[in-house]
Amino acid sequence: TTTTAEATATTADLVFLLEDGAGTNSITASGDVRAYVSRNGNANWSSALTLVDEGDLDSTRKIITARNVDISGLTGTTAMRWKITTHNQSIAKEARIHAVSLGWS
């Protein structure tokens, strides 16, 4: 779902919980879990965000963030949207995404 910002966004912050349902998922730019932001709805996505593991919420979920992401060069202005993709998933590797939050300024 696209959310309309009150002014043109130039930076973004993404926070979500990652649970390894099976195996261990990596969060590198070419890893198993990748995230992107857009400021024109569902087009012109950022390159893969640099994700950081900021610690554990509990014994199964990690707090993953991308903070102060420069989106000033993206097409669009106020139609904010996030996208998280998973890769290399199988019965032995399963990523579960929870509680995603996108902020901007």
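Q: What makes the contact of Arg96 with Glu19 a salt bridge?
A: In this predicted model, the closest N and O atoms of Arg96 and Glu19 are 3.3 Å apart. The cut-off is 4 Å between a side-chain nitrogen of Lys or Arg and a carboxyl oxygen of Asp or Glu, so the pair counts as a salt bridge. Arg96 sits in strand 7 and Glu19 in strand 2, 77 residues apart.

Q: Why is Glu19 called buried?
A: Glu19 has 15% relative accessibility. Buried means under 20%, so Glu19 falls in that class.

Q: Why is Arg96 called partly exposed?
A: The relative accessible area of Arg96 is 34%.

Q: What makes Asp32 and Lys93 a salt bridge?
A: The closest N and O atoms of this pair are 3.0 Å apart, and the limit is 4 Å.

Q: How do you know whether Asp32 is buried or exposed?
A: Asp32 has 5% relative accessibility. The limit for buried is under 20%, so Asp32 is buried. Lys93, at 21%, counts as partly exposed.

Q: What makes Arg67 and Glu54 a salt bridge?
A: Their closest N and O atoms are 3.0 Å apart, against a limit of 4 Å. Arg67 is in strand 5 and Glu54 in strand 4, 13 residues apart. Arg67 is partly exposed at 47% relative accessibility, and Glu54 is partly exposed at 42%.

Q: What joins Glu19, Glu94 and Arg96 into one network?
A: Salt bridges that share partners join these three residues. The whole structure holds six salt bridges.

Q: How do you know that strand 2 and strand 7 pair?
A: Nine bridges join strand 2 to strand 7, and the two run antiparallel. Pairing needs at least two bridges, so these strands qualify. Ala12 stands opposite Trp104 in strand 7.

Q: What makes strand 2 and strand 5 a pair?
A: Strand 2 and strand 5 share eight bridges in the antiparallel sense, where at least two are required. Leu17 stands opposite Ile63 in strand 5.

Q: Which element gives the most to the largest nonpolar core?
A: Strand 2 gives the most, with four residues. The core has 21 residues, and those touching the most other members include Leu14, Phe16, Leu18 and Val33. Beyond its neighbours within four places in sequence, Val33 is in contact with residues including Phe16, Leu18, Leu51 and Ile97.

Terms used:
Residues numbered from 1 in each chain as written. Predicted model: local features only at pLDDT ≥ 70, side-chain atom pairs only at ≥ 80, totals over all residues. Heavy atoms only, no water. Core = buried A, V, L, I, M, F, W, Y, C linked by side-chain atoms within 4.5 Å. Buried < 20%, exposed > 50% of the residue type's maximum accessible area, 1.4 Å probe, protein only. Contact = heavy atoms within 4.5 Å.
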